[in-house]
Amino acid sequence: MPESTSAAATGATIELENLTKRYPGNPQPAVDGVSMEIGAGETVVFVGPSGCGKSTTLKMINRLIEPTGGRIRIGGEDVTDIDPVRLRRKVGYAIQSSGLFPHMTVAQNIGLVPKMVGWPKPRIRSRVEEMLDLVGLDPGEFRDRYPRQLSGGQQQRVGVARALAADPPVLLMDEPFGAVDPITRDHLQDELIRLQHELHKTIVFVTHDFDEAIKLGDRIAVLRERSHIAQFDTPEAILTNPADDFVSGFVGAGAALKRLNLTRVGDVEITDWPTVTVDDPLQHIIDRLRAAGGNEILLLDRRGRPYKWLRRGDLMRAKGSLARAGTLVHDTVTRDGTLRDALEAVLTDNAGRVAVTGRHGRYEGVVDMETLMNSVHELLEADRLDALEHRHDLEEARADRTQSEQEGSGGFGEEGTKA
């Protein structure tokens, strides 16, 4: 039996104290005195312009880049002076394009660090099975494949599985989803959120995409050049109260709509939808659609995953076979997806609904356009009320200040009269 993920090591605190990196011949430090505390089990995202030092800061945490000065503590232990190879075995690391070894199978890639730290073979085999299942890949189908036989999204999943295989308390991720298409990227982000709900690791994630930072981060560190921290706060706080014009530039226009990235699909109403499977006889499908009273039914494949949307006309023209009938399901969302993901999927599909899936892509329900638009209106109304309240507070403060000034000048006048 695979080891239970419930017994897995949870996250550890990370403390950076005046962390600095200087390169010979460069008068300015690449990273200049970064100090921050990251809580155990927290996901912190570094976001900033290209060349600001965010990846350099990340790589100093596991000493892939040696700091010039400062301290690093993980779980209270000062790791600045310990053996860097031993440190890296305790800290998971995932990068863009997965970084898998092409001459190794998926199983060998995932089992690499456990093998290096001396795990016995049966335990490694068990862990590989568990990790593949955890990232949504069938062990029987994928364990013996080579990286070149995988899609980009599958490679990234294996890269995350490898980073987690030795059960490290800390996971560092350097733009891990930057090289895949937008739909795959959305699903990988959802998968990471789901994994974090189960594993509670401490994750430090680097991206240049502010929307990705909003979606993934418990807190976001917006970094200027040389990794100076412009603002380190929750996504909500940064969206509603950016610290300065630099941070506002990262937030960009449409902050209210960006807040759609803060609300999960699982937070709104997910409705049921009439479904059938590819093994159901055509007459049963027609009867099911007629009984449901609608104009459309969702066809699931043999694994319970959304496959095609079937309309009445499709069934009338099927002539005994569904092979060419219906419209393929091109996009789905998970419960951990954001309302923005769902809204984009609905608009792209142009049919007013999107299927919601769970583990291994299995169907769980549908979110429709009406539900999404109601949520958008609620967010916009909340923003409008917040703005009114903020304006009211400013007017009250201005009135109090004016009254204090008037009372001050009036007091002097009375004293002068009495004199």
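Visitor: Which side chain does Arg 359 meet in a salt bridge?
Guide: That's Glu 198, at 3.5 Å from N to O. Bear in mind that this is a predicted model. The two residues sit in distant parts of the chain, 161 residues apart: Arg 359 is in the loop between strand E16 (353–357) and strand E17 (363–368), while Glu 198 belongs to helix H8.

Visitor: Which residues are joined with them in a salt-bridge network?
Guide: Through shared partners, Asp 133, Arg 157, Glu 191, Arg 194, Glu 198 and Arg 359 end up in one network.

Visitor: And how many salt bridges are there by this rule?
Guide: The count comes to 31. One of them pairs Lys 215 with Asp 190, with the closest N and O atoms 2.8 Å apart. Lys 215 is in helix H9 (residues 210–216) and Asp 190 in helix H8 (residues 182–199), so this pair ties together parts 25 residues apart in sequence.

Visitor: Buried or exposed, that Lys 215?
Guide: Buried, at 2% relative accessibility. Asp 190 counts as buried as well, at 3%.

Visitor: What does Asp 279 pair with?
Guide: Arg 302, in a salt bridge of 3.1 Å, N to O. Here both partners are in loops: Asp 279 between strand E11 (275–277) and helix H13 (282–292), Arg 302 between strand E12 (296–300) and strand E13 (306–311). Arg 302 counts as exposed, with 67% relative accessibility.

Visitor: Switching topic to E16: how many of its residues are buried?
Guide: 5 of its 5. Arg 353, Ala 355 and Thr 357 are buried on one side, and Val 354 and Val 356 are buried on the other.

Visitor: OK, which strand pairs with E16 in the parallel sense?
Guide: Strand E15 (residues 332–334), over 3 bridges. Thr 334 stands opposite Thr 357 there. Between the strands the chain crosses through helix H15 (residues 339–349), and the β-α-β crossover is right-handed.

Visitor: Which one is antiparallel to E16?
Guide: E17, over 5 bridges, with Thr 357 opposite Tyr 363. E16 and E17 make a hairpin with 5 residues between them, and His 360 in the turn has a positive phi of about 60°.

Terms used: Residues numbered from 1 in each chain as written. Predicted model: local features only at pLDDT ≥ 70, side-chain atom pairs only at ≥ 80, totals over all residues. Heavy atoms only, no water. Salt bridge = Lys/Arg side-chain N within 4 Å of Asp/Glu carboxyl O. Helix = DSSP H or I, 4+ residues; strand = E, 2+ residues; numbered from the N terminus. Buried < 20%, exposed > 50% of the residue type's maximum accessible area, 1.4 Å probe, protein only. Pairing = 2+ DSSP bridges. Right-handed = clockwise from strand over helix to strand, strands pointing away.
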